[in-house]
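Here is a short briefing on a protein model. Look at the structure first, then read the points below.

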Amino acid sequence: MTLHERYVVGCATVAVAALVTISPTRAQVPTQPQEAALNAEAAQNDWPTYHGTYKSYHYSGLDQINTGNVKNLEVAWMHFPERATRGIQSTPLALDGVLYYSGSYSRVYALDGATGKTIWAYAPELDEDLVSKQTHSPYNRGIAIGHGNLYVGTVDGRLIALDLKTGKPVWDTKLLDSKKMTVGFTGAPLVVKDKVIIGAQGGEWPHRGPIFGVEGKTGAKKWEFFTVAGTEEAMKTWGGDSWRTGGGGGWMPGTYDPETNTVWWGTANPAPLYDWGGADWKKSGPRPGENLYTTSVIALDPDSGKLKFYHQELPHDAWDFDSSVGEFVMIDRGGKKLVVHANKSGYIFVYDRSNAKIENVWPLVKNINFVKSIDPKTGELIGRRDLSEGKVDPPLCPAIAGGISWNSGAYSPKNGLFYRIGQEWCMELTVEKTTPILEPMAQLNIGATFKFIPPPDGPARGHLSARDPVTGAKKWEVNYKEPPLASVLATAGNLVFVPDAEGIVHAYNADTGEELWSRNNGMGHNAGIISYMAGGKQYIAVPAGWGSLVADEFVALYGEPFKSMPKNTGALVVFALRQ
Amino acid sequence: MRIPSVIIASLALIWPCLSIAAFAQQSTGAGAENPLPQAEASPNDIDGEKMFATTCGFCHQDGGRHAGRGPKLSKSERSDEYIVERIKKGKPGAMPAYGGVFSDGQIIAILAYIRGLDD
């Protein structure tokens, strides 16, 4: 070895030594959630994925804040996002003491979880002309973390990866021609192994509602599954060419079952929402047939995007009661591995996790008349009300906003109770025989006019109930003048948090429903509430900010405070115990 | 100021021609990015009521007779120009802009439908 070589080797050794010396601190900073944390029942110090963990409990294992001291909860810090058009509708994530969240126009913020100090902020350049043409826009409902990246979808059809530490773009992949299809992405992505999975908007738009599997490291699209006619079997369930514009979509994130390597995802309704096929829906109307895989829960192989199995919750959904809305609560009971999924119709479906066979179906809400019932053994719709052209009489229950809205409930493994918001309202409806739409275009496809009305048993209202998730047996219930539209959080402190529509955050005793604490955030809630740890201290983070499409209905239904409630502002409010 | 009803009626009558012309333009122009299937369909597409039920009824309840996500439209005191402009340009965060989706003839048909609404 020459002197020069020795010098080079020496320098290299010093450099490696320096790296080894410096690295421990950095190496301890995680850039992606640990597998064990994702697979756990409870989110612990972090909130690593949209539904808390893959179990989808929206449950925090933290108990510093508990029934004994929640009365001392107060605002620790706040953050105000820019351009909060339609409020804030996202669920934050937390990793290693840093809180990440998204606002409208897919703006993303990384904040010190203890102080709220901005670490980085990111604002993508969007196609503003396209955004101005979209109905379900420009809100964003969440993000995902993995592979050292943070992932966010955009309403102009892109999935963007940001470096988790710096917020700098890593890649930006155009997945949808949103100018043609109108639809883009508002829902949170889901990280599964080396993939990022995200579902397109759908339902009332005439496209085919794809779900994408994208390679996390590179942004390369690996697969695309069409929720409308995604297989040959499904193609046969759409009369004529109706599959070309069938709607569908998977606009809210599903979850992952690592035991079977299965992604569970809920799909949206077919388009048009309402059709005039009536009882002859298998042969007539704008979309004759069962319309697979709309309003279904589908099980996909995350590696290939291939369909493993499915259950269509509402064959030929004629009422706009998506399966997109519900979380997938994974419960093991009596030797059975189950998954509990809420459908927009107000029914809760309980499945066998290995094959999506029905284990039970139970109603969360009282006012349902689109069917007489759903067979709890088979899932068959009994006495379905298929609509024909003209006025629907009696009015349809629930209303188009559903018996269950898109935000999530919570499940406490500590007491075995499932906490879910239900909505009681109906609507007058006149089905119109509209002109078939044969190509995707920048237009909704509704097929009716309608008007919200109170249900037969009282005023339009909402409730939180605590139930056995498998049987539906109710332990307690809290009623609200207006349905809360945010997600629910359960914690190991034996608390259930409900951010409501008027702007109040409530904390209840998880066992009894007794209200133990409340604070007014000053504007309605439409987003997801989480808990996390920073600097050894537990925090509760809830975005406030009003303006979802369901929220828009509240002005006509309830008047004030919604008439005066701004829909272009919002704040992330973070609570902690008083020192 | 209101557009005279006779103009609305005339526009409604000539809609099929406007529709074909619009389609011809779009198949070669920038508008091809947002194809208008109505242009291929029957003259009944000019039916403002059907157009309303396809798209507008999602927010303007009871066919525009009742406030919902959007305001009540029947007996609106807004001028025709205001309504046409709002349909074309929308309102950020509240109403999509339909200027690139609907032709002028279709927008007039929707306006005619709105003006004909009873409470």
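Start with one residue of this predicted model. Val75(A) has a relative accessibility of 42%, so it counts as partly exposed, because that class lies between under 20% (buried) and over 50% (exposed).

**Around Val75(A)**
- Val75(A) sits in strand β2 of chain A, which covers residues 73-79.
- Together with Met78(A) and Phe80(A), Val75(A) makes a nonpolar surface patch of about 290 Å².

**Chain A as a whole**
- Chain A has 579 residues, and 66% of them count as buried.
- Its secondary structure includes seven helices and 38 strands.
- The accessible surface of chain A comes to about 19,000 Å². Carbon and sulfur atoms account for 52% of that surface.
- Take the contacts in chain A between residues at least 6 apart in sequence: 62% of them join residues at least 24 apart.

**Confidence in chain A**
- The mean pLDDT of chain A is 93. A pLDDT of 70 or more is reached by 94% of its residues.
- Residues 1-27 of chain A stay under 50 in pLDDT. For this stretch, the model has three contacts beyond four places in sequence.

**Helix α5 of chain B**
- Helix α5 of chain B spans residues 80-89, and its residues Asp80(B), Ile83(B), Val84(B) and Ile87(B) are buried.
- Viewed down the axis of α5(B), the buried residues fall within an arc of 95 degrees, so they line one face of the helix.
- An α-helix has 3.6 residues a turn, so residues three or four places apart point the same way.
- The buried residues of α5(B) pack against α6 (104-115) of chain B.

Notes
Residues numbered from 1 in each chain as written. Chains lettered and ligands numbered in written order. Predicted model: local features only at pLDDT ≥ 70, side-chain atom pairs only at ≥ 80, totals over all residues. Heavy atoms only, no water. Buried < 20%, exposed > 50% of the residue type's maximum accessible area, 1.4 Å probe, protein only. Helix = DSSP H or I, 4+ residues; strand = E, 2+ residues; numbered from the N terminus. Arc of directions from axis to C-beta. Contact = heavy atoms within 4.5 Å. pLDDT = per-residue confidence, 0-100. Patch = residues over 30% accessible without salt bridge, like charges linked within 9 Å, V, L, I, M, F, W, Y side chains within 5 Å. Areas by Shrake-Rupley, 256 points an atom, 1.4 Å probe, with all protein chains shown as cover. Salt bridge = Lys/Arg side-chain N within 4 Å of Asp/Glu carboxyl O.
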